[in-house]
Amino acid sequence: AEEGFQKNVIAYRAIRLISQNAAGVPWMVFGIRDGQRQPLADHPLTKLLRRPNPLQSGTELFEALYGFFLIAGNAYLENVGPLGQTPRELWALRPDRMAIIPGGHGLPSAYRYTLNGNFRDFPADAMNGKSRILHLKSFHPLNDWYGLSPLEPAAFSIDQHNDAAKWNASLLQSSGRP
């Protein structure tokens, strides 16, 4: 995240363009009314997707979710509210703070979120994997639990670009003398 997003303008711009534009696509909930498929503007899920939590609009939540996915290859969405009902709030959680606690049969037993030395476990159902956490992950050929960051295969090129930028800045600061 630091080398590939914060310190590399090309990767930063690409990730921002994708996440901002994807987040701008409106989400809609459809249902059947009078035998016709129609958008349900008054549905609780529609309202939740417009304002998923007190601090973010739906666009802001999805921009963060897509950004995390593009940087880390993983994105985590927390469902706040009674299980089995429409969530009251949705929060995008930072992937660098999340750990998967492996369970049997290829399903996680829990998701552990760590912040300031404290952690909170979100249990997952051993039979179906359901949890308050929705884990979105990209394909990773060598890891059963975590997705492959799109930045990982590009890391060598990103490092080269960052090193070239440092060299050029250093050269300019020394009046063009190596």
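**View A. Asp34 counts as exposed, at 78% relative accessibility.** Exposed means over 50% relative accessible area, buried under 20%, and partly exposed in between (1.4 Å probe, protein chains only). The model is predicted: local features need pLDDT of at least 70, side-chain atom pairs count only at pLDDT 80 or more, and totals for chains, interfaces and linings use all residues. Residues are numbered from 1 along each chain as its sequence is written, and side-chain values use heavy atoms, with hydrogens and water left out. Asp34 sits in the loop between β1 (30-33) and β2 (36-39). Strands (E, at least two residues) and helices (H or I, at least four) are DSSP runs, numbered from the N terminus. Asp34 is not a glycine, yet its phi is positive, about 55°. Most residues other than glycine have a negative phi.

**View B. Asn116 lies in the loop between β6 and β7.** Its phi is positive, about 55°, although Asn116 is not a glycine. Asn116 is exposed, with a relative accessible area of 71%.

**View C. Three strands form an open sheet in the order β5-β6-β7.** The pairing is antiparallel. Two strands pair if DSSP finds at least two bridges between them. β5 (98-102) and β7 (118-123) stand at the edges. Each has a single partner strand, so one side of each is left without a neighbour in the sheet. Neighbouring strands of this sheet are turned by 25° against each other on average, direction ignored.

**View D. β5 pairs with β6 (residues 108-115) in the antiparallel sense.** Five bridges join β5 and β6. Ile101 has Ala110 of β6 as its bridge partner.

**View E. Helix α2 (residues 9-23) packs on helix α4 (residues 58-72).** Two packed helices are described by the angle between their axes and the distance between the axes. For α2 and α4, the angle is about 140° and the axes are 8 Å apart. Axes are lines fitted to C-alpha atoms, for helices over the stretch in contact, and angles run from 0 to 180 degrees between N-to-C directions. α2 and α4 are therefore oblique to each other. Angles under 35 degrees count as roughly parallel, over 145 as roughly antiparallel, 65 to 115 as roughly perpendicular, and the rest as oblique.

**View F. Residues of α2 meet residues of α4.** Contact means heavy atoms within 4.5 Å. From α2 come Ile15, Arg16, Ile18, Ser19, Gln20, Ala22 and Ala23. From α4 come Thr59, Phe62, Glu63, Tyr66, Gly67, Leu70 and Ile71.
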